[in-house]
Structure formats: C-alpha cells, structure tokens
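User: Hi! I've got a structure open and would like to talk it through with you. Could you have a look?
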Amino acid sequence: MTQRRAADDVGALPTAGLTSSAALVEAVAGRQRRLLDAAKAVGRQAVVIYSAAAHSLLATDGIWWASGFKPMGECALGIAPDGSFELWVSPTWDLSRAEEAVGARATSVSDVFAAAAAWLGRFGLRGDEVLLCGTDKISVRRHPSGVAALGEHDGTGDRLLLETARRRDEYERALAVEAARIAELGFGRLLEEIRPGLGEFAVVAILDGFLRELGSQDNFVLVSASQRNRSVHPPTERTVERGDVLLAEISPSVGGMFTQICRSVTIGRPGPSVAEDYQLLEAAFEAGRAACVPGGALRAAAQAMDAVLTEAGFGDYCRPPYMRARGHGLGMGAVLPGDVTVSSTEVFVEGDYFVLHPNQYLPGSGYLLCGEPVIVEPGGARLVSSHRGELAAVGV
C-alpha cells in the first residue's frame, strides 16, 4: 500500500476508537485515583487542577490528562476526598464539549476559582487541605482571585501532578504508538510530494492536511530547507531547490498525546559531508539511547551523545547556539523527564516517554535532524516509531 492510499483508507485506522472509548474512561478514573492518593500522601484531602487552556507539546495540561477534556478557556477540576469529581468550565459555549467528555459532572461557571471555593465548602475543606495543581498556569491578573478562593500554594501540586502523570498508563502508550505511526506515514507523504520549486509553506500545508486525515487532532510541524541550514525553523516564503537539505520536525497529537520524529532529506544526491555527518548523528543517537536506562541521569545520555561528536572533532559544537537539547519531554499530562542536557538534574524512570534527538549544526553539512520518540526500559530506550529514520534523498 502506498502512503497516499493509507490516507484514503483512514476509516480502517484505530484512531477513532482510541480517542472515544471505554478505555479512555477507565484511564481517566485511574489517573484521578493516583493523583488523589499522591495528595493524601502529603497530607491533602482533595485536589483542584487549574488550566488556562494554553496548549503545547512542551507543556502539561492537567485538565486534559485528568478528564479527557481539552479546554478552550479557563477551566478547573476538583477531585473530592471520596474520589468523585466536578469540572468547571468557562466560557459558556464550551460546556457542550465538556459534557461530551464527562457528562453531568461538567458545569458552566463565570469564575472557576469561586466555583472551586464553593465546592470545598460543601465538603467542609479549607484551602490548605487541597492540593492545587496548575499554579504555574495562573496569570498575574488571575492570581489574586486564586489566592482569595484557595489561599497561597507553593507549587507542590504542580510537581506531584507531573510525577503522577509521568507514569504513562496503557491507554497513553497506545496513543503514543498511533501518533508515531501517523508521523511516519506523514513523512512518507512528504517524500512523495517534495520537489524543487515547491514552497516551504506548501510542504507544511500538504503535511498538516495529510496528518489530520489520518486522525491527528493537532500538529506541531517545522519544515525548512537550505543549501546549508543554520537551524530548523517555521516555514518561510522560500522555495525548495535542488541541492537543498530539507529539515522536518513532525509532531502529531492523538487524543492529546504528542509524538515527534526528526527527519533530514536531501533534494538530489547527498554530498559526502552531509552523508558522513548524518552517520555521526546516528551513532550519537544510539549511544544516547543505550544510556537512557531507569535510574540513569539525563546528563549521562547527553554526555554519551556529545562524546561521539567530540571524538570526531566536533566538541566545540556540542553547545548552544549549535544545538539546544538532546531530547525533551512530550506533553499532555507530563513533560518529564524534561530536556536531555548536560545540566539536567533529573534521572530516568522506567516508562519515561520522550523524544531523543542529537539534532545540531556541524561545520561540514550545516544543521541536521535525527530523532525518534522512545520509552525507557532496563536495556535502554526502546523506539516507539517503527525504525530509526535514515537520511532520505529525493530526485536522485
């Protein structure tokens, strides 16, 4: 089956079943139980999660993770000591979507903090008996209302939410696999469509439309091309030309779970420096992957990748502005383990899900992309994608 026919056969894809099934209800219930247990372990009796509805593949949204509802406006969710929950939604027009997700537990309110305070009163709880998650999402303008309703909070809830959501459930892992499959099909379509004279914006439009046909609800896509790339960046008015290296970060989201694959494509036969440098990045990727083990330090994985490049004489390029990080978390519930850098203080835990990529600029070839979504296991990081991407070439 060609990549094009895969899109035509979209009805056979499992995406719809993943994003609207009894498995989601079960997963959400389990997440709420785990978060409430974490709250009680630190002496809190209930949980309130706040969202300002600012979504990113590099940021967490506790409401989405804990309820299955993606907020479009300010929103809060309360989990009571008995495990019951309520969802407070604003603006009013978003209520119907919330009811589709959680039924009668959703209520439209004018002020989510006031609604949370009234809810606490019904359970006879004080603000200091609540684990407040999402304090980092509260704006300066809304902070006084939050303090008036729930009191001051020290960010403990933010960390506990991340640590709890870091343990991906079976449902999230299935979403990650499906998102990676869609990303790889999208790259296949890109290879079919790319040609000299096609604008960068046109490439992104083709790719975004195809990913959505396959079931992605949201896409973060960077596509840029140059004879010598200095970085990967959003598309410009430039057209793709023969001799270019095209860079593509393809990051679709299924059910809120993002993935990311990083790909490099030469327009025409790759020159010796590009081919050799890409092989170097592949070796760095494998060195880093072997270091991504439970209990291992993130900085050790970054150092393992840097060591490959340093041995080849490129140690001076293993730092900004030639690169940013050797990988990073992927959002919805948790962005842990965070950025894979030599300055990270985090350690890997089994089941961590993130993108690993030794993307960087090298003096011979310019900037190149090479990266895959992975899951940490005792033997090292396992690919979520079907295979590690290779340097591709079109029009040879």
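User: Thanks for joining. Let's start with G186: which helix does G186 lie in?

Analyst: G186 is part of helix α9, residues 170–193. Helices here are DSSP runs of H or I with at least four residues, strands are E runs of at least two, and both are numbered from the N terminus. Before we go on, this is a predicted model, where local features need pLDDT of at least 70, side-chain atom pairs count only at pLDDT 80 or more, and totals for chains, interfaces and linings use all residues. Residues are numbered from 1 along each chain as its sequence is written, and side-chain values use heavy atoms, with hydrogens and water left out.

User: Good to know. Is G186 buried or exposed?

Analyst: G186 is buried, with a relative accessible area of 0%. Buried means under 20% relative accessible area, exposed means over 50%, and partly exposed is in between, using a 1.4 Å probe and protein chains only.

User: And what is G186 in contact with, leaving aside neighbours within four places in sequence?

Analyst: L207, F210 and L211. Contact means heavy atoms within 4.5 Å.

User: Nice. Which strands does β1 pair with?

Analyst: β1 pairs with β5 (residues 130–133) in the parallel sense over 4 bridges, and with β2 (residues 75–79) in the antiparallel sense over 5 bridges. Two strands pair if DSSP finds at least two bridges between them. V48 has L132 as its bridge partner in β5, and Y50 has A76 as its partner in β2.

User: What about α6, which of its residues are buried?

Analyst: In α6, residues 112–122, the buried ones are V112, F113, A115, A116, W119 and L120. Seen down the helix axis, these buried residues fall within an arc of 160°, so they line one face of α6. That arc is taken from the directions from the helix axis to the C-beta atoms. On the other side, G121 and R122 are exposed.

User: Let's zoom out. How many helices and strands are there in the protein?

Analyst: There are 12 helices and 16 strands. The radius of gyration is 22 Å, close to the 21 Å that the globule rule gives for 396 residues, so the protein is as compact as a globular protein of that length. The radius is taken over C-alpha atoms, and the rule is 2.2 Å times the number of residues to the power 0.38. Of the 396 residues, 56% count as buried.

User: Last one: where is E346?

Analyst: E346 sits in the loop between β10 (327–329) and β11 (353–356). E346 is buried, with a relative accessible area of 17%. Not counting residues up to four places away in sequence, E346 touches R159, R166, A297, L298, L336 and P337.
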